[in-house]
Amino acid sequence: LTVIVKGDTTGEGRVSVSDLVQVFNHVQKSNLLSGDYLEAAYINDDKRVSVSDLVLMFNAIQNNGVLR
């Protein structure tokens with residue numbers, strides 16, 4: 001059983017600055033995510049990783065790792 005936490009692209013169980021950096025790198029195409037980590041990066045459920053997902057992740061970090 002695999003549990004995917006939205007925004008948790010590092011697999012540590014919460015959204016953190018490390019996740020934000022990984023998604024930023026993916027958007028910049030410098031280090032692409034794959035598999036479950038890519039699925040975790042689809043914050044707004046549009047099946048694309050974009051700046052919109054970065055903004056949502058940043059807001060989550062400001063809210064102690066809680067996506068709203």
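Keep in mind as you click around that the model is predicted. With a relative accessible area of 1%, A60 is buried.

**The core**

Next, which residues make up the largest nonpolar core? Select V15, L20, V23, L33, L38, A41, Y42, I43, V49, L54, M57 and A60, which come to 12 residues in all. As a general point, nonpolar side chains tend to be buried together in soluble globular proteins. Colour by element and you'll find that α1, α2 (35-41) and α3 each give two or more residues to this core. The largest share, three residues, comes from α3.

While you're here, stop at Y42. Leaving out residues up to four places away in sequence, Y42 touches K6, K47, R48, V49 and D53.

**Two helices side by side**

Now show α1 (residues 17-27) together with α3 (residues 51-62). Their axes come within 10 Å and cross at roughly 170 degrees. Angles over 145 degrees count as roughly antiparallel, and α1 and α3 are therefore roughly antiparallel to each other. To see the contact itself, show side chains for V17, D19, L20, V23, F24 and V27 on α1, and for V51, L54, M57, F58 and I61 on α3. What kinds of residues are in the contact of α1 with α3? They divide into 10 nonpolar, no polar and one charged.

**Around α1**

Hide α3 for a moment and look down the axis of α1. The buried residues in α1 are D19, L20, V23 and H26. These four cover an arc of only 120 degrees around the axis, so they fall on the same side of α1. Bring the rest back and you can see what lies over them: the cover for the buried residues of α1 includes α2 and α3.

Zoom in on D19, which is found in helix α1. Is D19 buried or exposed? Its relative accessibility is 0%, so D19 counts as buried. Setting aside neighbours within four places in sequence, D19 is in contact with G7, D8, T9, T10, E12, R14 and M57. Pick F58 as well: D19 and F58 are 39 residues apart in sequence, with 9.7 Å between their C-alpha atoms.

Step back to S16, whose place is in the segment before α1. S16 has 7% relative accessibility and therefore counts as buried. From S16 to A40 is 24 residues in sequence and 13 Å in space, C-alpha to C-alpha.

K29 has its place in the loop between α1 and α2, and at 65% relative accessibility K29 counts as exposed.

For the last stop, select K47 in the loop between α2 and α3. Phi of K47 is near 60 degrees, again a positive value in a residue other than glycine. At 52% relative accessibility, K47 counts as exposed.

Definitions and conventions
Residues numbered from 1 in each chain as written. Predicted model: local features only at pLDDT ≥ 70, side-chain atom pairs only at ≥ 80, totals over all residues. Heavy atoms only, no water. Axes fitted to C-alpha atoms, helices over the stretch in contact; angles between N-to-C directions. Parallel < 35°, antiparallel > 145°, perpendicular 65-115°, else oblique. Contact = heavy atoms within 4.5 Å. Nonpolar A, V, L, I, M, F, W, Y, C, P; charged D, E, K, R; others polar. Core = buried A, V, L, I, M, F, W, Y, C linked by side-chain atoms within 4.5 Å. Buried < 20%, exposed > 50% of the residue type's maximum accessible area, 1.4 Å probe, protein only. Arc of directions from axis to C-beta.
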